[in-house]
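Colleague: Before I use the terms in this description, I want to know what each one rests on. Please show me the model and let me ask.

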Amino acid sequence: MMNQLWPRSTIVAGRNHTVALKSDGTVLAVGDNNCGQCNVNDWRDIVSVAVGNVHKANNTGKAHTVGLKADGTVIAVGWNNQGQCNVTDWHDIVAVTAGWRYTIGLRSDGTALAVGRKNEGQCDVKDWNNIVMISSGDWHTIGLKTEGTVVAAGNNGAGQCDINDWHDIVSVATGYLHTVGLKADGTVVTTGRKSEGQCAVDGWRDIIAVAAGSYHTIGLKSDGSVVATGSDKYSQCNVTDWRNVVAISGGCTHTVGLKKDGSMIAVGNNEYGQCNVSSWNLYDSLI
């Protein structure tokens, strides 16, 4: 049986903004702030961050940002038209994730709760149990269970929820219409939309972490190098020269990485300044 993961995100990339957690519990944000999604300057005692916005490139940039506090409570800023930021009464939360107009929280007992848009069934998580990790795409939610199997809720139009036969999974990631699973042996499985090459991971080996953008997939190798596949329209897959990386995240059309020394790197679309992270240092927050 898998140990409880409850992984906590230090860096997250959205459609047009990037958020990072510093080792002192404060948060940095850069990029589009049209809905106040970057208004995190006064956040304190944060242990994990998440961003929720539409991954589809031709849609709006409205977004929200979620922070998990050390005491198990949650805060959120940004677009709240469907109540996706209504998390002030949450308690005993150990992980958070966010999708298009909704937010999911994982409790310490392995159950989940949700607020926001429910139209596609992405918030139908109340019956989940023994969950150790959660991830949200645009309209679907993925949960990793203690035994290494996976559950899914929400839109399955591209097969992104076809995960019933997955096993030995140790981590999951979600893109716009695809889902990625990291296996215990360092290989990667995918399901969902494949047309941009985002599911072409058959040759990947020695992977220790996975991330998904809208139409691309990123893998972190044990030697600190990074691989990527899928849409490269904005050079978001140009990571072959990255070294000493300890964390990765994929946005709609950009990719960010955290290096061992606490510095950050980014490639891809920078229309809103979402890649302007070279001056940041998170002070080895993952070490």
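Colleague: What makes the group with Val 66, Leu 68 and Val 74 a nonpolar core?

Modeller: In this predicted model, the largest nonpolar core has 14 residues. A core takes buried residues of nonpolar type joined through side-chain atoms within 4.5 Å, and buried means under 20% relative accessible area; Val 66, Leu 68, Val 74, Val 87, Trp 90, Ile 93 and Val 96 have the most contacts inside this one.

Colleague: Which elements give two or more residues to this core?

Modeller: Strand 4 (46–53), strand 5 (63–69), strand 6 (74–78), strand 7 and strand 9 do. The largest share, 3 residues, is that of strand 7.

Colleague: What is Val 66 in contact with, leaving aside its neighbours within four places in sequence?

Modeller: Its partners include Trp 43, Val 49, Val 74, Ile 75, Val 96 and Thr 103. There is also a second, separate core of 12 residues, with Ala 95, Ala 112, Val 125 and Ile 134 among them.

Colleague: How do you know that strand 7 pairs with strand 8?

Modeller: Pairing needs at least two bridges, and 6 bridges join strand 7 to strand 8 (residues 102–107), so the two strands pair. They run antiparallel.

Colleague: Why are strand 7 and strand 9 called edge strands?

Modeller: The open sheet has 3 strands in the order 7-8-9, with antiparallel pairing. Strand 7 (93–99) and strand 9 (112–116) each pair on one side only. Neighbouring strands in this sheet are turned by 20° against each other on average, direction ignored.

Key
Residues numbered from 1 in each chain as written. Predicted model: local features only at pLDDT ≥ 70, side-chain atom pairs only at ≥ 80, totals over all residues. Heavy atoms only, no water. Helix = DSSP H or I, 4+ residues; strand = E, 2+ residues; numbered from the N terminus. Axes fitted to C-alpha atoms, helices over the stretch in contact; angles between N-to-C directions. Buried < 20%, exposed > 50% of the residue type's maximum accessible area, 1.4 Å probe, protein only. Contact = heavy atoms within 4.5 Å.
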